[in-house]
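These are my notebook entries on a single protein model.

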Amino acid sequence: MKVLIFGATGMVGRAALAAALTDPRVTHVRAVVRRPPDYTHPRLDVLVLEDFFDYTAVEANLTGFDACLFCLGVTAAGKDEATYRRLTYDLTLAAAETLARRNPAMTFCYVSGSGTDAGSRMMWARVKGETEAALSRLPFRAVYHFRPGFIRPEGDARPRIPLYRLAYAVTAPLYPVLRRLFPDHVTTAGEVGRALVEAGLAGAPTPVLESRAIRALAARAPR
């Protein structure tokens, strides 16, 4: 099966890319990125884009895929609602609408976040919720929304933002405790990556997956 990954150089996207390249069911992976990953693989090719809002010139390169793992995302910190909406809702739908038109049998997996709610008073949660709702209306074979909470970095799958790196380094010793105390809100980058691939290739039990369901889905994937 052929898999398309957006955001393959971020923490979750990198984990999803690693999971896809080691999954025996995946025959080909295309990573859509702003900058190429720092490694190559026989089953991987890279599509570098400057503009993630206009796919007119590259639609042919986005056709013929069975699953899309959409791992692009930005933090809402320091952004007003108009800016965050453009970089979350508008950016995601620009890609998804193109893919739905070119790949109607595709499964679309969207990395959202714990607490997402279209009716929330919190700006980021409301925008993410509206993005999920819009994706669910598109004519894909299936759409899955991943809502992880705290994600523990693993291996090369680590956040690029220095402040996030520091925060994860400080909380790393607490991870086993957090996982026991808050099983519905804690997972690892590897688990999210494997679960994304599993949902994209074989489906998931529900359209919305929180951390506990993500871990269960990851356990189902081949290792």
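I started with the contacts of Thr131. Leaving out residues up to four places away in sequence, I found that Thr131 touches Thr88, Tyr89, Thr92, Leu93 and Tyr110; contact here means heavy atoms within 4.5 Å. Thr131 lies in helix H3. Thr131 is buried, with a relative accessible area of 0%. I used these classes: buried is under 20% relative accessible area, exposed is over 50%, and partly exposed is in between, with a 1.4 Å probe and protein chains only.

I note the basis of the entries. The model is predicted, so I kept to pLDDT of at least 70 for local features and 80 or more for side-chain atom pairs, while totals for chains, interfaces and linings use all residues. Residues are numbered from 1 along each chain as its sequence is written, and side-chain values use heavy atoms, with hydrogens and water left out.

**Overall counts.** I counted seven helices and nine strands in the protein. They are DSSP runs numbered from the N terminus, helices being H or I with at least four residues and strands being E with at least two. Of the 223 residues, 51% are buried. Among contacts with a separation of 6 or more, 68% are between residues 24 or more positions apart.

**Helix H3.** I went back to the helix that holds Thr131. How many of the residues of H3 are buried? The number is 10 of 14, and H3 is mostly covered. Among the buried ones are Met123, Val127, Gly129 and Leu135, and also the charged-class residues Arg126, Lys128 and Glu132. The cover over the buried residues of H3 includes helix H2 (81-102), strand E5 (107-111) and strand E6 (142-147). I also checked the length of H3 (residues 123-136): at 1.5 Å a residue it should span 20 Å, and its end C-alpha atoms are 20 Å apart, which agrees. The expected span is 1.5 Å times one less than the number of residues.

**The sheet.** I traced an open sheet of seven strands, in the order E3-E2-E1-E4-E5-E6-E9, with parallel pairing. Two strands pair if DSSP finds at least two bridges between them. At the edges are E3 (44-48) and E9 (208-210), each pairing on one side only. On average, neighbouring strands of this sheet are turned by 20° against each other, direction ignored.

I then followed single bridges. E1 (residues 2-6) and E4 run parallel and are joined by four bridges; Val3 has Ala67 as its bridge partner in E4. Four bridges also join E4 to E5, again parallel, and the partner of Ala67 in E5 is Thr107. E6 and E9 pair in the parallel sense over three bridges, with Leu209 in E9 as the partner of Phe146.

In a regular strand the side chains alternate between the two faces of the sheet. For E4 (residues 67-70) I found both faces covered: Ala67 and Leu69 are buried on one side, Cys68 and Phe70 on the other.

**Helices H6 and H7.** Two packed helices are described by the angle between their axes and the distance between the axes. I looked up both values for H6 (residues 189-202) and H7 (residues 211-220): the angle is about 70° and the axes are 7 Å apart. The axes are lines fitted to C-alpha atoms, for helices over the stretch in contact, and angles run from 0 to 180 degrees between N-to-C directions. H6 and H7 are therefore roughly perpendicular to each other, a class that covers 65 to 115 degrees. On the H6 side the meeting residues include Val192, Ala195, Glu198 and Ala202, and on the H7 side they include Ile214, Leu217 and Arg220. By class, the contact has seven nonpolar, no polar and five charged residues. Nonpolar covers Ala, Val, Leu, Ile, Met, Phe, Trp, Tyr, Cys and Pro; charged covers Asp, Glu, Lys and Arg; the others, Gly among them, are polar.

**Two loop residues.** I ended with the loops. Beyond its neighbours within four places in sequence, Asn103 contacts Leu62, Thr63, Gly64, Phe65 and Phe140. Gly73 sits in the loop between E4 and H2 and is exposed, with a relative accessible area of 55%. I noted 8.8 Å between the C-alpha atoms of Gly73 and Thr92, which are 19 residues apart along the chain.

Technical notes
Parallel < 35°, antiparallel > 145°, perpendicular 65-115°, else oblique.
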